[in-house]
Amino acid sequence: MTVSYSLRVSEARFFSFTRLLAVWRGSIYKLLWQEVVLFIVLYYALGLLYRLGLNEEGRDTFENICLYAKEGLSIIPLSFILGFYVSLVIGRWWRDRKSVV
């Protein structure tokens with residue numbers, strides 16, 4: 001079933017695009033909003049914990065944990081992981097293209 005949003009787009013106001021994304025059935029924002037909100041809450045919680053909740057020794061420990069995590073990320077390069085992702089996407093695209101043609 002096709003849903004037409006042309007009337008809503010034609011009546012554009014300042015925040016109408018944001019509202020249109022909220023009602024659009026195929027919107028990726030509807031799928032990701034919970035993860036984005038969780039990420040933002042955790043980001044600010046860790047920031048507040050670091051700035052207000054830790055003493056100098058706790059901050060040093062927190063920074064050492066961050067450095068350890070950064071070293072772990074450098075063991076497997078991000079480009080290597082993205083290569084697998086791109087390969088997967090291209091494979092799916094090629095399979096879909098072959099099924100259409």
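Helices here are DSSP runs of H or I with at least four residues, and strands are runs of E with at least two, numbered from the N terminus.

Before going on, a word about the model. It is predicted, so local features need pLDDT of at least 70 and side-chain atom pairs count only at pLDDT 80 or more, while totals for chains, interfaces and linings use all residues. Residues are numbered from 1 along each chain as its sequence is written, and side-chain values use heavy atoms, without hydrogens and water.

Next, colour by pLDDT (the predictor's confidence in each residue, from 0 to 100). The chain mean is 82, and 78% of residues reach 70 or more. Select residues 28-53: this is helix α3, whose mean of 90 is the highest among the elements, whereas helix α1 (residues 6-10) has the lowest, 62.

Now select residues 56-75, helix α4, and find Asp-60 within it.

Finally, zoom out to the whole chain once more. Of its 101 residues, 7% are buried.

Technical notes:
Buried means under 20% relative accessible area, exposed over 50%, partly exposed in between (1.4 Å probe, protein chains only).
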